[in-house]
Amino acid sequence: MSELEASFSLLKNANVLLYVGRGVLFSVIISVIAVLLSIAFGTVLAILRNYCTKGVLKVFHIISTFYIEVFRNTPLLLWIFICVVFCPAPAFFSRKMFGLTSVETKLLWKAAVALILFESSIIAEIIRGGLNAVAKGQFEAAYSQGFGTVKTFTLIILPQAFKSVIPTLLGQVISTIKDSSYLANVAIIELMARVKTILAMANRYTGQGNIHTSDVFVLFGLAAVIYFAINFTLSCIVRGMQDRKKRVAQRNRALA
Amino acid sequence: MSGLFTTRAWEKVWIYRDTFLLGLWNTVKTSFLAILLAIVLGIIFGLMATSGKKVLKAVSRVYIEVIQNTPILLQCCFLYYALAFSGHSIGIIAAGVIALGVYTGAYMAEVFRSGIEAIPKGQFEAAQSQGFKYVEKMYYIILPQTLKIILPPAVNQVVNLIKNTSCLYIIGGADLISLTYSFVTGENTGGSYAPGYIVSGLCFFIICFPLSKFASTWEEYLKKRDRKTNIAVKEA
């Protein structure tokens, strides 16, 4: 029983909690930034894949299709490893920041790039689903009103496409937070990695000779509770949105 | 950077091709066993979710929510370290199979649940009125009909599972990605980053691309069929 008590004393250690807490913050911030940038990049990819199908523009269709399929069908960890070696780090990220060493910020930048590249391919497919759901008449109507291609997309098509995929995109935030745990393999700053680091030296905090099974349960249990709390809240929001959408659709059908 | 595409680097990959084949074999083996486990769990919990019994429904809900809202990496670590520190180590691949199977099982359960819910109620009632018992009803009448609907999402989950075998890396790794990584960073074999990563990426792509292509084509086909029947119904 004393083993378990010693393990729980980890949770009372302010340093441990602060360390883990900052890991949570990093996980969430990285994921949110990754999703936002991926939405921008993914939108471009989706438009290129969907609408550049004629003449010379077909090159863009081929490139974006190739990109999406390659990233969707290979594991994230592969891209993290590749980016760690090949991705150049701008000077801005080669210095001390956010209480990290310059090596850590560089790794963070590279791993974040991998995450963004990977998520973009998935988000591109989500947005493509939204674009396909926009009725064709919307394009014709926009053109007939004298809108140019850019204005048609930014004012007419994209707002409708985004509106229909918001729940799916929010669901992708959950996936991204989970995927960000893969960064634990290289960048040692997010939640998963920090929990693992503490586990490796748990005996020092607990004052016990060895690392016990109870330490594993307490530490990984803590991480699981944190991930669950964040993701479950998000998935409840997603479900609420979907239910509301279904109700609205039903009402519209009943009226029609 | 420019030296990474030299013939020497490629030669090295060819000389150590056994490493890649071993990794590929481990990944395929892990995925196959994990897929079987995931399907079994998916059917069990999917049936529980649609059983209409409150307790069973709650159990499957808790399983699905807890597993889907925590990362596979954490589950894998949890399982492996809990067993290792309590002295019951079962090996990396076995731990991987269980972790991946349980993780994907939660997604499969959702897939099966939505598939069963998509079957018209009349089918259940008809089966019951013909004297089918629960297991017979599900096995002969309901599940064969769901198969067509759930194929695309189920195959997508299989693709995700294959990609997630890379989570083995954190517990010591015997899969393709881990072996590739130790190959490109190894003392004797190191340096051939580009060829090594290209080869292992290609292996994944060759397995996953046909699967996801099949899933999306099948989904398109189902959508088209739905549209046709809708029009037919309206015209009739």
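How many helices and strands are there in chain A? The legends below begin with that chain and then move on to its partner. This is a predicted model, in which local features need pLDDT of at least 70 and side-chain atom pairs count only at pLDDT 80 or more, while totals for chains, interfaces and linings use all residues. Residues are numbered from 1 along each chain as its sequence is written, and chains are lettered from A and ligands numbered from 1 in the order in which they are written.

View 1. Chain A has 10 helices and zero strands; here helices (H or I, at least four residues) and strands (E, at least two) are DSSP runs, numbered from the N terminus. Its pattern along the sequence reads α-α-α-α-α-α-α-α-α-α. The radius of gyration of chain A is 23 Å, well over the 18 Å that the globule rule gives for 256 residues, so this chain is more spread out than a compact globule. That radius is taken over C-alpha atoms, and the globule rule is 2.2 Å times the number of residues to the power 0.38. Taken along the principal axes, the C-alpha atoms of chain A fill a box of roughly 75 × 50 × 30 Å. Buried residues account for 37% of the 256 residues. A residue is called buried if 20 or more other C-beta atoms lie within 10 Å of its own, exposed if 12 or fewer, and partly exposed in between, with C-beta atoms placed from the backbone.

View 2. Helix α10 covers residues 213–255 of chain A, 43 residues in total, and reaches 60 Å from its first C-alpha to its last, close to the 63 Å expected at 1.5 Å a residue. The expected span is 1.5 Å times one less than the number of residues. Its buried residues include A:Ser214, A:Val218, A:Leu219, A:Phe220, A:Tyr227 and A:Asn231. A:Ala254 also lies in helix α10 of chain A, but counts as exposed because it has 7 C-beta neighbours inside 10 Å.

**View 3. A:Leu219 and the largest nonpolar core.** A nonpolar core is a set of buried Ala, Val, Leu, Ile, Met, Phe, Trp, Tyr and Cys residues joined through C-beta atoms within 7 Å. The largest one holds 124 residues, of which A:Ile80, A:Leu219, B:Leu73, B:Cys76 and B:Cys77 touch the most other members. Helix α5 (residues 102–133) of chain A provides the largest share of this core, 14 residues. Leaving aside residues up to four places away in sequence, A:Leu219 touches A:Leu10, A:Val195, A:Ile198, A:Leu199 and A:Ala202. Two residues are in contact if their C-beta atoms, placed from the backbone, lie within 7 Å.

**View 4. Where chain B meets chain A.** The contact takes 29 residues from chain B and 31 residues from chain A. On the chain B side, α3 (54–68), α4 (72–85), α7 (134–164), α8 (176–185) and α9 (193–235) each supply at least two residues. Helix α9(B) gives the most, with nine residues. The chain B side divides into 20 nonpolar, seven polar and two charged residues. Ala, Val, Leu, Ile, Met, Phe, Trp, Tyr, Cys and Pro count as nonpolar, Asp, Glu, Lys and Arg as charged, and the others, Gly among them, as polar.

View 5. Chain B comes to nine helices and zero strands. The radius of gyration of chain B is 22 Å, well over the 18 Å that the globule rule gives for 236 residues, so chain B is more spread out than a compact globule. Its C-alpha trace spans about 70 × 50 × 25 Å along its principal axes, and 43% of its 236 residues are buried. B:Leu151 lies in helix α7 of chain B and counts as partly exposed because it has 17 C-beta neighbours inside 10 Å. B:Leu151 and B:Glu219 are 68 residues apart in sequence, yet their C-alpha atoms are 8.4 Å apart in space.

**View 6. Confidence in the two chains.** The model scores ipTM 0.85 and pTM 0.86. Chain A averages a pLDDT of 84, where pLDDT is the predictor's confidence in each residue, from 0 to 100. In chain A, helix α9 (residues 202–206) has the lowest mean, 70, and helix α3 (residues 58–72) the highest, 91. Where pLDDT is low, the predicted coordinates should not be read in detail.
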